Amino acid sequence: MVFTGVGQPLVARDLPNPEPGPGAVHLSVHACGVCRTDLHIVDGELQRPKLPLVLGHQIVGTVSALGAGVMRFAPGQRVGVPWLAWTCGKCRYCAGGRENLCDEALFTGYDVDGGFAEETVADERYCFSIPDGYPDVQAAPLLCAGLIGYRAYSFAGDAERLGLYGFGAAAHIVCQVALAEGRRVFAFTRPGDSDGQAFALALGAEWAGGSDERPPEELDAAIVFAPAGELVPAALAACGKGGSVVCAGIHMSEIPAFPYELLWGERSIRSVANLTRADGEAFMRAAPAVPVHTEVTVFPLAEAGAALETLRSGSVSGAVVISVATPG
Ligand SMILES: [Zn+2]
Ligand SMILES: [Zn+2]
């Protein structure tokens, strides 16, 4: 399924089968998660996509062919492809263990074609092994919602009382990890989203309410997954002294002005950008240990456009995933 420009629906196209270059694996795609970032691309909020573009950066597939020099994977192996597709390996960010900040980085389903397709190719160095025990559609959300959520969670430090603003794919995974580590979770949904609040409570959140509500006690940290700038001052106001607000999305509407008192008391705000391969390896070990269970709503590849709109509507609990039937 191909994205050709803002305002255009995704269209089915027969593309030439991608050839794996040196160091790349060719994959038969089984499933691909749908992410808020995909909506930011189709809506033009991320402004430099390759066009035409195959979206999708939470790819689960099996290796079907190898480019020259591939060492890590063999045909038939199941692998995951995340958002980070390539980095320069030389700049000060790459050299300092912060490849997520590389200026030259390329991203899957943005700079290079992604996984809303039957076949794809990926640089093997940026692929992950998928933990056994996760069916394909349930593994897919681990690859962005899970591992970028996990990076955001790591920046929440040792917060005992953790607020999650926007209880979608990432938050439902982070909630499980946090509870397994003995944290207390407070979930914030769109005001009036009683299904979302019930979902959070069922997963073990101690409290769930609208993002316009204050939690019953102050928070030690909050992660803002929803792309709504007004949640930043709301989250700061919900945090006690020394609390941190972590913004986990790649795009957010403008943050409204707020009084300095909300930041005073050593509160902090930071963003989370992309992922490193180390984040991915750490999360792929952590997920089965919890164990993280992903709640998924599945669409066939031909309905990728409907899958995007379903994610936008916020009407599903957990993650939206595209399942790719093996071509006959
Ligand atoms: Zn994503
Ligand atoms: Zn670099």
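1. Let's start with helix H6: the face turned away from its buried side carries the exposed residues Asp-195 and Ala-202. Exposed here is over 50% relative accessible area and buried under 20%, with partly exposed in between (1.4 Å probe, protein chains only). Helices (H or I, at least four residues) and strands (E, at least two) are DSSP runs, numbered from the N terminus.

2. A word on the source: this is a predicted model, where local features need pLDDT of at least 70, side-chain atom pairs count only at pLDDT 80 or more, and totals for chains, interfaces and linings use all residues. Side-chain values use heavy atoms, leaving out hydrogens and water, residues are numbered from 1 along each chain as its sequence is written, and chains are lettered from A and ligands numbered from 1 in the order in which they are written.

3. Back to H6 (residues 194–202), whose buried residues are Gly-196, Gln-197, Phe-199 and Ala-200. They cover an arc of only 160 degrees around the axis, which puts them on the same side of H6; the arc is that of the directions from the helix axis to the C-beta atoms. Their cover includes helix H5 (169–180), strand S9 (184–189) and strand S10 (207–210), counting contact as heavy atoms within 4.5 Å.

4. Now the metal: Cys-35 (SG), His-57 (NE2) and Cys-144 (SG) coordinate the zinc ion (ligand 1) at 2.0 to 2.2 Å. Donors are N, O and S atoms within 2.8 Å of the metal (3.2 Å for Na, K and Ca), and sites may look incomplete because water is not among the atoms. His-57 is buried at 0% relative accessibility, and Cys-144 is buried too, at 6%.
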